[in-house]
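Please keep the sequence and the coordinates at hand while reading.

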Amino acid sequence: MAIKVGVVGAGIFGVNHLNAFKQLSYLGVAELAAVSEINEERAKWVEAVYGCKVYRDYNEMLADANIDAVTVVTPDHLHKPITLAAAAAGKHILVEKPLDVTVEGCRAMVEAARKAGVLLQVDFHKRYDPEHMAMERRVSAGELGKILYGSVCMEDRIEVPSEWLARWAPSSSPGWFLGTHFYDLVRWVIKSDAKTIFARGHKGLLRDEYGIDTWDAINATVEFENGAVVSFDTSWILPKSFEAIVNQEIRLVGTKGVWEIDSQYRGSRSCIVEEGMRTWNNNFMRESIDKQGRTIYKGYGIESIEDFAYNVAAIKNGASIESLAGTYPSGEDGLQVTKIGVAVHQSAVSGNVVEI
Ligand SMILES: NC(=O)c1ccc[n+]([C@@H]2O[C@H](COP(=O)([O-])OP(=O)(O)OC[C@H]3O[C@@H](n4cnc5c(N)ncnc54)[C@H](O)[C@@H]3O)[C@@H](O)[C@H]2O)c1
């Protein structure tokens, strides 16, 4: 029987959650049972397009005993109270990254899920990118030798903080919004946690020209427990004329090899009069049509959300949460990533090396 899922927060990224569960209903795996959305206009749009019940108060949705699982797709700083309430209601939970913006908050969420015996998964979807998976397999097999150093960049165009997230960008930063993806990816690929962090940040463009008080860019050097040193360059001030909404890359160098991935430019580009030059990361999301002519989406941006539904379905069919360990980004992974995020911001403010 299909698992029943409720989504909290149907904003820009919430749409991917709605689509994931809608298309899994075609296969009988999951059902988009309900949505909770506080924005009146958005709530009406969801009702009209997805035809499911929309609650204004997520507590009312959580009270529905038929709902097996919920996903939390609200602004970062609102993940915690919703997750704690969902755990108390006995729902399995997928939380968008970052799990929370405080270490204590993450600990409370992990503990609440453990106590309630529910799955807590974090949507670190970079782990589901086939290019990143290939890199992880070869690094884990030791084929690159001991990883010594590496570098990552993830950058958004300026409309992300100044238009898309204008309301809550001051509560976020390039480190939280973008860095957390790659803090998790590097931990997962090299199987090591962060030890010390030195970061420097830049403020001015968003604050002075857009009235949004947040970091423009943060550059962090992270030393991991296994000795690898990886630098993370994050920003969200690329010009609007840049060829994609996001730019991202990763390279790792070991004693026996180097692995490089352009995680944005996959070799597909276009130039259309109204759009100008564009590059396409079709690994992230691509529209397709199923055999019945229905629109469906493929790519790691949707498959990481679907993975949660498959996990919940497995649990409903008798699998233990413990038996799934290591196969998905867990609450514990979310906690470790937030430790990095907090230390990055502490270091950027103080100018000191921060130990985790
Ligand atoms: N995995 C990714 O690549 C990715 C990409 C973008 C955003 N995100 C994450 O997804 C989350 C949402 O980001 P977004 O870009 O969709 O933001 P958004 O501002 O577009 O959407 C958030 C939605 O949550 C709703 N909301 C706020 N409080 C609520 C509450 N108490 N109950 C119900 N609804 C509530 C808002 O009305 C809004 O519609 C963030 O945590 C963000 O970091 C992840």
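How many nonpolar, polar and charged residues make up the shell around the ligand? By class, the shell holds twelve nonpolar, nine polar and five charged residues. In this classification Ala, Val, Leu, Ile, Met, Phe, Trp, Tyr, Cys and Pro count as nonpolar, Asp, Glu, Lys and Arg as charged, and the others, Gly among them, as polar.

The model is predicted: local features need pLDDT of at least 70 and side-chain atom pairs count only at pLDDT 80 or more, whereas totals for chains, interfaces and linings use all residues. Residues are numbered from 1 along each chain as its sequence is written, and side-chain values use heavy atoms, with hydrogens and water left out.

**Ligand site**

Of the 26 residues around the ligand, Phe13, Glu37, Asp76, His79 and His125 come nearest; a residue is near if one of its heavy atoms lies within 4 Å of the molecule.

| Side chain (N or O atom) | Ligand atom | Distance |
|---|---|---|
| His79 | oxygen | 2.8 Å |
| Glu96 | nitrogen | 3.0 Å |
| His181 | oxygen | 3.1 Å |

Taken alone, the ligand exposes 850 Å², and the protein buries 90% of that. Accessible areas come from the Shrake-Rupley method with a 1.4 Å probe; for residues, only the protein chains shown count as cover.

**Loops and backbone**

The peptide bond from Lys97 to Pro98 is cis, with omega near -10°. Pro98 lies in the loop between β5 (92-96) and α5 (103-116); helices (H or I, at least four residues) and strands (E, at least two) are DSSP runs, numbered from the N terminus. Lys191, although not a glycine, has a positive phi of about 55°, and its place is in the loop between α8 (174-190) and β8 (194-202).

Ser263 belongs to the loop between β12 (257-262) and β13 (268-272). Is Ser263 buried or exposed? Ser263 counts as buried because its relative accessible area is 0%, the class being under 20%, with exposed over 50% and partly exposed in between. The side chain of Ser263 makes a polar contact of 2.9 Å with the side chain of His132; within protein, one atom must be able to donate a hydrogen and the other to accept it, and residues adjacent in sequence count only if both atoms are side-chain atoms.

**Surface**

Leu148 is located in strand β7 (residues 147-157) and counts as partly exposed because its relative accessibility is 38%.

Methods: Buried means under 20% relative accessible area, exposed over 50%, partly exposed in between (1.4 Å probe, protein chains only). A polar contact is a pair of N or O atoms within 3.5 Å; within protein, one must be able to donate a hydrogen and the other to accept it, and residues adjacent in sequence count only if both atoms are side-chain atoms.
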